[in-house]
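Visitor: I have a structure to look at and some questions about it. Could you take me through them in turn?

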Amino acid sequence: MISWEQLAGRECGLYSLPRFAADSGLDLAAVPYTGRVLLESLLRAGEPERAALLGERLARGADPDLEMAFRPARVLVQDYTGIPLLVDLAALRSRVARPGRVNPALPVDVVVDHSVQADWAGRPDALALNEALELERNQERYAFLKWARHAFDGLRVIPPGRGIVHQVNLEQLATVVATGPDGLLSPDTVIGTDSHTTMVNGLGVLGWGVGGLEAEALMLGLAQPIRVPPVVGVRLTGAVRPGTSPTDVVLTLTRRLREENVRGVLLEFTGPGVDQLSAPDRCTVANMAPEYGAMAAFFPVDGETLRYLRQTGRRERDVALVEAYCAHQRLLREGDGPRFGRTIEFDLGGVGPSLAGPSRPDQRISLSELPDSFAELSPRPPRGTPLVAEGDIVIASITSCTSTSNPKAMLAAGLVARRAVERGLTVPGHVKTSLSPGSRAVTEYLRNAGLLADLETLGFHVAGYGCMTCNGGSGPLNEGVGEAVDREGLAVCAVLSGNRNFESRVHAQVRAGYLASPALVVALALVGHVRVDLDREPLGHDRDGVPVLLRDLWPDAAELAALEARFITPELFAAGPGPEAGWEAIGAQQGEVFDWDEASTYIRNPVYVDAAATGALRGARALLALGDDISTDHISPVGAIAADSPAGRYLSERGVRDFNSFGSRRGNHEVMARGTFGNPRLRNHLLDDGSGPGDSGGATLHVPSGERLPVFEAAERYARTGTPLIVLAGRSYGMGSSRDWAAKGPWVLGVRAVLAESFERIHRANLCAMGILPLLLPAGRSWASLGLTGHEEFDLALDGMRDSGEVGVRAGAVAFTARAEVQSAGEWDVLLAGGSLPYLLGRLAKLDKLEKEEQR
């Protein structure tokens, strides 16, 4: 154990929170732990007065209502967001006099985990085939990433095949206490370009997801301007009942917290129930913070955190450092001391087996409600073919950071598989099964426990180490299934152990998606459809014709605990895999400035770097008129590119045969613009025929001509006449992933404002970072209730909006005042400059100019 005297041998070793509290008269025990981390950040930035003000407000449970500059210890990105981010930095380098100025000012980790797809599944060689195909498809992207690794300082790349970014963060990257280059100790904090960065909150590491544009500013030395939101306590009581999984807890909590409207707040978990959750359980809960709308979901450091660090192979001296530092800084959880202005009570004992679906993560249902939930989505009588029918499960995937990081959940799935195999149950042929572990350690402990073979017997072979199905990389359906679905117009389903099930996210041909624990994924795969009450009806019949119920296969808590104690050992995590030959063989450019190939269909010099400052919006047209709950998957699809879509035709015209995915093409604005608003399930009210909006299939109405066109072609026609564009939307616009292409794509199409009833946190910030105005409609009013149809010409009065926060809108005979949803002076600076990249380019140009003047 490291003593405090050893830790604080140097006065400059840390910024002491207890000393600050004593000097300022602050009751530190009353301040939520989340707030204590923010206080330390302010002290480190040399802002004790602001820290005192924030501490005083938090200690009495008041709304902080305070703007601060947040500087994390590190930045974490994955390849789908990280490569576009690095493309932007390369573009900045190519536009400044001193390219070396464009360089990360803090450590950056890139984990390559999003590009692998489940093209092959349900067979022993699926992993090898998918990884080979991934390297073949992504040679150009990975060569660019290798160039960036050598060109930029402080950039570390974790190659493909190592695991999902958030589990890699938990198992390898998170230190809980960070040591700076000057030896200064501070809390480990992280900003990530993936919305589920919050997963590490379960280890007492404060962090959240942002768009790549915000991360770029951080990498170039700017702080993230935030207005500190309220810190809301979630007081956990009771204990999880036997037979209830961590996934059941988080799905139930997601529904409850959405109902409590915690959008944008900092959540902190407190109460006696916290002790009932293991560190992986806490991380499962923290993972889905974006799904319940919170900025972060923080579990303070305690003995369970230290146990997890030891279990995952951290060095004892590093764990001792964490304990000593957190104890001194009053960051170790103790009792129910903090004061919250608002506390939500949640009884863990009230949680039962759960699913979420068919199209949103907060649609929590019990097992018995599953058939009715699908019937509401597809009320017509079931129909189909001998191969596949309506309501059939065509994808069953154990995947995603949410559950595959949790040994209890994965071991439970293995035990259900074992007992199913023992009873002679099998998975129907129309179900595509896959297993995508969060890390190689997961595969090892399943193998060591003898459970991997049972999962494989049911078709759950390891398909890859990445997001895969959860992120839309689900590959084609089983042979003949996709063709039958399209031919008969069938509503079919997916079940996955993930965190998102928005329409068409998992697969374009799948109508309904259900989130479930890994064990329930196995159980539903055995049934093969969702027309079943799992509480009462059998999963199938064994070799003797005896019905097999779910409870017959379900493991008990003691059995799981024994397996975890025996097979989850530090040795699994201590040594990672060695270099992979295919990755090492990829060549790359050299030099500090990237040599752009304008013929590339993967990496292009982006156009939005040179955006003009935000100007007047007069005579604007609505490109789309949308409803509630529009996700970033609706705006910027991530999965397969259809051959007959604008993006598919663009690639075909350039001789491309393997389109790969939209996620892999994010370094090319030409492809991404053509895919924007191209989700086949997007409902566009401009095409409403009077019977209610149907799926628009990526089309819209070009209002002046009255023609129905693909969204991209309509935007092109508006651009030729110099017509600015807006988007009308409802509540929760931009929910879901952090993808900045959901803002970049609309900008490339010419969208300069979005008028909505409410915005999700990350997407709102991304709009500002692209110079697109996020405007709130008058409280309690939708665009339709204001009398708008979307066919009007819109004039937006932008003069003085920074001072007043208001924008006058006139559309035909309708006039109203919208509020600019811009939350800090820093955001205004970026938005009015035309976006973060023009803003950064302007700052760099000023530095170059000053340097030239000094040289004279």
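Visitor: Which residue is the bridge partner of Thr700 in strand 24?

Guide: This is a predicted model. In it, strand 23 (residues 699-702) and strand 24 (residues 707-710) run antiparallel and are joined by four bridges. Thr700 has its bridge partner in strand 24, and that partner is Leu709.

Visitor: Which residue in the hairpin of strand 23 and strand 24 takes a positive phi?

Guide: The hairpin has four residues between its strands. A positive phi near 75 degrees is found there, and the residue that takes it is Gly706.

Visitor: How many helices and strands are there in the protein, and what is its radius of gyration?

Guide: The protein has 34 helices and 30 strands. Its C-alpha atoms fill a box of roughly 90 × 75 × 55 Å along the principal axes. For 856 residues, a compact globule would have a radius of gyration near 29 Å, and the value for the protein agrees with this. That value is 26 Å.

Visitor: What share of the contacts in the protein with a separation of 6 or more comes from residues 24 or more positions apart?

Guide: Of the 856 residues, 64% count as buried. Among contacts with a separation of 6 or more, the share from residues 24 or more positions apart is 77%.

Visitor: Which strands stand at the edges of the open sheet of five strands?

Guide: The order in this sheet is 4-3-2-7-8, with parallel pairing. From one strand to the next, the twist averages 20 degrees.

Visitor: What is the bridge partner of Val110 in strand 4?

Guide: Strand 3 (residues 108-111) pairs with strand 4 in the parallel sense, over four bridges. Within strand 4, the bridge partner of Val110 is Val157.

Visitor: Are helix 31 and helix 33 parallel or oblique to each other?

Guide: Helix 31 (residues 761-769) and helix 33 (residues 825-832) pack with their axes 7 Å apart, at an angle of about 45 degrees. Angles under 35 degrees count as roughly parallel, and roughly perpendicular begins at 65. The two helices are therefore oblique.

Visitor: How many nonpolar and charged residues are in the contact of helix 31 with helix 33?

Guide: Helix 31 contributes Arg764, Ala765, Cys768 and Ala769, while helix 33 contributes Glu827, Val830 and Leu831. No polar residues are among them; the division is five nonpolar and two charged.

Visitor: Is Asp740 buried or exposed?

Guide: Asp740 lies in the loop between strand 25 (725-728) and helix 30 (741-749). Leaving aside neighbours within four places in sequence, Asp740 is in contact with Gly211, Gly212, Leu213 and Asn766. A residue counts as buried under 20% relative accessible area. Asp740 has 2%, so Asp740 is buried.

Terms used: Residues are numbered from 1 along each chain as its sequence is written. This is a predicted model: local features need pLDDT of at least 70, side-chain atom pairs count only at pLDDT 80 or more; totals for chains, interfaces and linings use all residues. Side-chain values use heavy atoms; hydrogens and water are left out. Axes are lines fitted to C-alpha atoms, for helices over the stretch in contact, and angles run from 0 to 180 degrees between N-to-C directions. Angles under 35 degrees count as roughly parallel, over 145 as roughly antiparallel, 65 to 115 as roughly perpendicular and the rest as oblique. Contact means heavy atoms within 4.5 Å. Ala, Val, Leu, Ile, Met, Phe, Trp, Tyr, Cys and Pro count as nonpolar, Asp, Glu, Lys and Arg as charged, and the others, Gly among them, as polar. Buried means under 20% relative accessible area, exposed over 50%, partly exposed in between (1.4 Å probe, protein chains only). Two strands pair if DSSP finds at least two bridges between them. The radius of gyration is taken over C-alpha atoms; the globule rule is 2.2 Å times the number of residues to the power 0.38.
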